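Subject: A structure for you

Hello,

Here is the structure I promised to pass on. Please open it before you read the notes below.

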Amino acid sequence: EKGATALEIVARKPKHTEIINYLLSKGVDANATDHEGNNALMIAAGGNDLDNVKIFAEKTKNINWVNKEGVSALTNAVKSGSSEIVEYLLAKKADPKVVDNNGNHLGYYLIQSYRPARPGQKDVFTEKMNLLQNAGVNLAQPQKDGSTVLHLAVSKNDLNLLKKLEPLKVNVNAVNKEKMSVLHKAALVAKDDILLKYLVSLGVDKHLKTDFDETAFDLA
């Protein structure tokens with residue numbers, strides 16, 4: 001009832017290349033979309049099987065196709081796929097400047113993708129961040145609503161994430177459409193004072209006020 005083909009159903013499943021190739025040989029269209037505008041490549045890109053992505057990329061007419069939300073295969077790869085899939089799609093000329101219908105660039109989805117790395121695991125987040133920067137994405141640029149990656153990152157309550165973003169040199173005093181700085185946001189969502197102290201050490205202006213004339217101290 002969602003309009004998905006059999007290909008879309010198996011697109012993200014690892015080690016399904018034999019089934020995918022079988023369905024393609026039977027004439028299932030890799031460019032068919034479900035009711036939300038997603039094709040098989042877009043769904044595969046959000047997974048971790050590069051082989052699946054490679055098969056669909058060769059069969060997809062427009063690698064930069066976007067769904068009804070303005071999301072592309074590369075967007076999905078940044079949000080939940082592997083860094084290898086992000087790298088592959090960029091090499092296949094996927095557009096790194098894609099912006100969704102809400103005015104969010106790939107920096108928004110990069111922050112969504114963050115998961116703390118376990119001991120011995122590779123740092124997928126930093127790999128993706130470096131790939132996007134090398135592709136010309138300005139991750140320090142605010143989203144349409146004025147939120148920076150720092151605004152988005154504080155919601156994760158993870159100091160390591162904020163430190164990973166330091167090389168981007170984001171304007172720490174940028175305010176969103178509600179005139180909230182990253183310090184205002186942290187004052188609302190932080191579970192302790194660690195993030196607040198860190199942001200203050202970066203030089204955030206503690207006297208900035210929101211639309212309701214509130215400082216970060218008022219919100220805290």
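At roughly what angle do the axes of helix α11 and helix α12 cross? They cross at roughly 170 degrees and come within 9 Å. Axes here are lines fitted to C-alpha atoms, for helices over the stretch in contact, and angles run from 0 to 180 degrees between N-to-C directions. α11 is therefore roughly antiparallel to α12, a label for angles over 145 degrees.

First, some ground rules. This is a predicted model: local features need pLDDT of at least 70, side-chain atom pairs count only at pLDDT 80 or more, and totals for chains, interfaces and linings use all residues. Residues are numbered from 1 along each chain as its sequence is written, and side-chain values use heavy atoms, leaving out hydrogens and water. Helices are DSSP runs (H or I, at least four residues), numbered from the N terminus.

**The α11 and α12 pair**

α11 covers residues 182–189 and α12 covers residues 194–201. V182, L183, A186 and A187 of α11 meet L196, L199 and V200 of α12. Contact means heavy atoms within 4.5 Å. The residues of this contact divide into 7 nonpolar, no polar and no charged. Ala, Val and Leu are among the residue types that count as nonpolar.

**H151**

H151 sits in helix α9 (residues 149–153). It counts as buried because its relative accessibility is 2%; buried means under 20% relative accessible area, with a 1.4 Å probe and protein chains only. A polar atom of the H151 side chain lies 2.8 Å from the backbone oxygen of M180. Leaving out residues up to four places away in sequence, H151 touches several others, including V182 and K185.

**A216**

A216 belongs to helix α13 (residues 216–219). Is A216 buried or exposed? A216 is buried, at a relative accessible area of 10%. Beyond neighbours within four places in sequence, A216 contacts L183, H184, A187, K206 and L208.

The largest nonpolar core has 62 residues. Such a core is a set of buried Ala, Val, Leu, Ile, Met, Phe, Trp, Tyr and Cys residues joined through side-chain atoms within 4.5 Å. F56, L89, L165 and L199 have the most contacts inside it. L165 touches F125 and M129, among others. Both F125 and M129 are buried in helix α8 (residues 124–134). Cover for the buried residues of α8 includes α5, α6, α7 and α10. Just after α8, G136 takes a positive phi of about 95 degrees.

Best wishes

Key
Helix = DSSP H or I, 4+ residues; strand = E, 2+ residues; numbered from the N terminus. Parallel < 35°, antiparallel > 145°, perpendicular 65-115°, else oblique. Buried < 20%, exposed > 50% of the residue type's maximum accessible area, 1.4 Å probe, protein only. Polar contact = N/O pair within 3.5 Å; in protein donor to acceptor, adjacent residues only side chain to side chain.
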